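Welcome, and let us take a walk through this structure together. We will begin with a strand and its neighbours, then turn to a pair of helices.

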Amino acid sequence: MTMLSSNHPPISTSPRSIRFHQLLDQAPFVCMGAHDALSAKLSEEAGAPAIYVSGFVASAVVAGAPDFGSLSQTEMFEHIRRICRATELPVFADADTGYGGPLDAARTIQLWEEAGASALHLEDQKMPKKCGHFAGKELISPEEMVQKLRAMIDARRDPKFFIVARTDAIGVTGIDDAIARLEAYAAAGADGLYADAPESLEQIEELTTRLRPLGKPLLFNMARSGKSPTLSLYEAHQAGFDYCLCPIEPLLAMHKSLKEMMQAFMADPSTETIADRLTDFHEFNEFIGLPQAIEESKKYSW
């Protein structure tokens, strides 16, 4: 088990954490998924107000594997840190199960803060966890989840770092248990609440109707092709959610585009075959910041 270090003093609130709270005050908004530093820069250029780093996506990009607990705490930390370095936007990062017991969960929030994230969600699955839209999930007890949440809250050094409690109970033990769990997690001090994979509009209405009185921001996952109804940001807000994730769509768009490009090239191996699918080389260098790097380097030239 990873032990919690005792020599981490409090840190001042980061500007990105302040901005995340400002977004919550201006709801609704969406956290756009980013699967690497490049897609984070594209999200920022497109006007996204915040970024989301998904464990499902990280498993695919870092390990080329499904979201079955494929990544370690350290691998996820490094992945988040690379993304945070590439953007000034607030970053909301998946923390899965906290990677163990309460002390591991406490260490996780310290690492996510160090990486530059502004928010995380902790889920109540047993390890190894699975994507919320996969079958075969198992849950820990609400009491064990509360212990992890309390450990995270105690270990938090940035007072504005936003901790979301997530339950995967809807597809395992049902909507009533999911709501009861989130009520317990709210009482334990979670800043926000998230029930993953509601399966109908009726479940969505029941969730928001019963959870709104708790006064905690509610999160909706907009991922397509999963178990939940497809809602726009504004439809989700009308249904009672404060903000949304668009977690996997950039990854799926990249997969489709690269797959089609590579198949076209291999069918006729010439770059002329795929020229209309490519960003201009000089345009890409502008986007990635080459002109600024050249100007900066001139300061240190002979």
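Which residues point one way from strand S3 (residues 91–94), and which the other way? Val-91 and Ala-93 point one way, Phe-92 and Asp-94 point the other way, and all are buried, where buried means under 20% relative accessible area with a 1.4 Å probe, protein chains only. Before going further, please keep in mind that this is a predicted model, in which local features need pLDDT of at least 70, side-chain atom pairs count only at pLDDT 80 or more, and totals for chains, interfaces and linings use all residues. Residues are numbered from 1 along each chain as its sequence is written, and side-chain values use heavy atoms, leaving out hydrogens and water.

Strands here are DSSP runs of E with at least two residues, helices are runs of H or I with at least four, and both are numbered from the N terminus. Two strands pair if DSSP finds at least two bridges between them. Strand S2 (residues 50–53) runs parallel to S3, joined by three bridges. S3 also pairs with strand S4 (residues 119–123) in the parallel sense, over three bridges. Follow Ala-93 of S3: Ala-93 is the bridge partner of Val-53, and in S4 the bridge partner of Ala-93 is Leu-120.

Now look at the helices. The axes of H6 (residues 142–155) and H7 (residues 175–188) come within 9 Å and cross at roughly 30°; axes are lines fitted to C-alpha atoms over the stretch in contact, with angles from 0 to 180 degrees between N-to-C directions. H6 and H7 are therefore roughly parallel to each other, a label for angles under 35 degrees.

Key:
Angles under 35 degrees count as roughly parallel, over 145 as roughly antiparallel, 65 to 115 as roughly perpendicular and the rest as oblique. Buried means under 20% relative accessible area, exposed over 50%, partly exposed in between (1.4 Å probe, protein chains only).
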